[in-house]
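Have it open as you read, and go through the points in order.

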Amino acid sequence: MDKELFNDVKKLKFRKDINFLRALSVLSVIIYHINKGLLPGGWLGVDIFFFISGYLISNKIVIDLKNKEFKLKSFYTKRIKRIIPALVSALSFSVPFAYFLLPPKELQLFLKSFQSSLLFYSNFHFENLDFYNLPSTNFFPLLHMWSLSIEEQYYIIFPVLFFLIFKINKNHLFKSVSFIIL
């Protein structure tokens, strides 16, 4: 059964409907951040975007594994080329503003969030902050980087696990992945 399930996976072609869902999810988050009252559930766009990204990347990995074309180095190189330039640009752009606009205490918090964003652990960094006693989140220009950190953690961990499971026993791939997810 598992082997049949794996063999039924087909390579996805470009789909306008998925791109439309991506655009809709991003737009809903933007509207939510502009005015929470306009679209109170707009934050769900992040979840939709996570789901779409996981779906597309998982399909690519499965197809490449199935065709014996998957290479971790190539996978990570593509992710680096796609993510790092935008990340470095966003971080570099924010530094001068933070330096000139933030008071010293908030600048220290910014630098810690900068480091956590650069190293893809900002979801854990922001989770452990005491927002009750800290200044407004308006002083955390990198707060949104938590979602990129989660996505990158997925890109770093999931392909390795999937690759190992596939190599060890592809007949039980579906059960193994389901167990890991649980």
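1. Ground rules first. This is a predicted model, with local features needing pLDDT of at least 70 and side-chain atom pairs counting only at pLDDT 80 or more, while totals for chains, interfaces and linings use all residues. Residues are numbered from 1 along each chain as its sequence is written, and side-chain values use heavy atoms, with hydrogens and water left out.

2. The overall picture is helical: the protein has 8 helices and 0 strands, running α-α-α-α-α-α-α-α from the N terminus. Helices here are DSSP runs of H or I with at least four residues, strands are runs of E with at least two, and both are numbered from the N terminus. Of the 182 residues, 34% count as buried. For burial, read under 20% relative accessible area as buried, over 50% as exposed and anything in between as partly exposed, with a 1.4 Å probe and protein chains only.

3. A contact means heavy atoms within 4.5 Å.

4. Helix α2 covers residues 16-34 and includes Leu21. With 40% relative accessibility, Leu21 counts as partly exposed. Setting aside neighbours within four places in sequence, Leu21 is in contact with Ile48 and Ile52.

5. At 12% relative accessibility, Ser28 counts as buried. Beyond its neighbours within four places in sequence, Ser28 is in contact with Leu39, Gly42 and Gly45.

6. The length of α3 checks out. This helix has 23 residues (44-66) and should span 33 Å at 1.5 Å a residue, which agrees with end C-alpha atoms 33 Å apart. The expected span is 1.5 Å times one less than the number of residues. Ser58 sits in α3 and counts as buried at 19% relative accessibility. Not counting residues up to four places away in sequence, Ser58 touches Tyr154 and Phe158.

7. Look at what follows α3. Lys68 lies in the loop between α3 and α4, and its phi is near 55°, a positive value in a residue other than glycine. For context, most residues other than glycine have a negative phi. Lys68 is exposed, with a relative accessible area of 66%.

8. Where does α4 bend? The bend is about 30° at Ile83, and a proline, Pro85, follows within four residues. Bend here is the angle between axes fitted to the seven residues ending at a residue and the seven starting there. The 30 residues of α4 should span 44 Å at 1.5 Å a residue, and the end C-alpha atoms are 42 Å apart, which agrees. The buried residues of α4 include Phe75, Arg79 and Ile83.

9. Helix α5 (residues 104-118) has 15 residues and reaches 21 Å from first C-alpha to last, close to the 21 Å expected. Its buried residues are Glu106, Leu107, Leu109, Phe110, Ser113, Ser116 and Ser117.

10. How do α4 and α5 pack? Their axes are 11 Å apart and the angle is about 175°, which makes α4 roughly antiparallel to α5. The contact is made by Leu87, Leu91, Ser94, Val95, Ala98 and Tyr99 of α4, and by Leu107, Phe110, Phe114, Ser117 and Leu118 of α5. These divide into 9 nonpolar, 2 polar and no charged. Axes are lines fitted to C-alpha atoms, for helices over the stretch in contact, and angles run from 0 to 180 degrees between N-to-C directions. Angles under 35 degrees count as roughly parallel, over 145 as roughly antiparallel, 65 to 115 as roughly perpendicular and the rest as oblique. Ala, Val, Leu, Ile, Met, Phe, Trp, Tyr, Cys and Pro count as nonpolar, Asp, Glu, Lys and Arg as charged, and the others, Gly among them, as polar.

11. Last, check Phe120, in the loop between α5 and α6 (122-127). Phe120 has a positive phi of about 60° although it is not a glycine. Phe120 is buried, with a relative accessible area of 13%.
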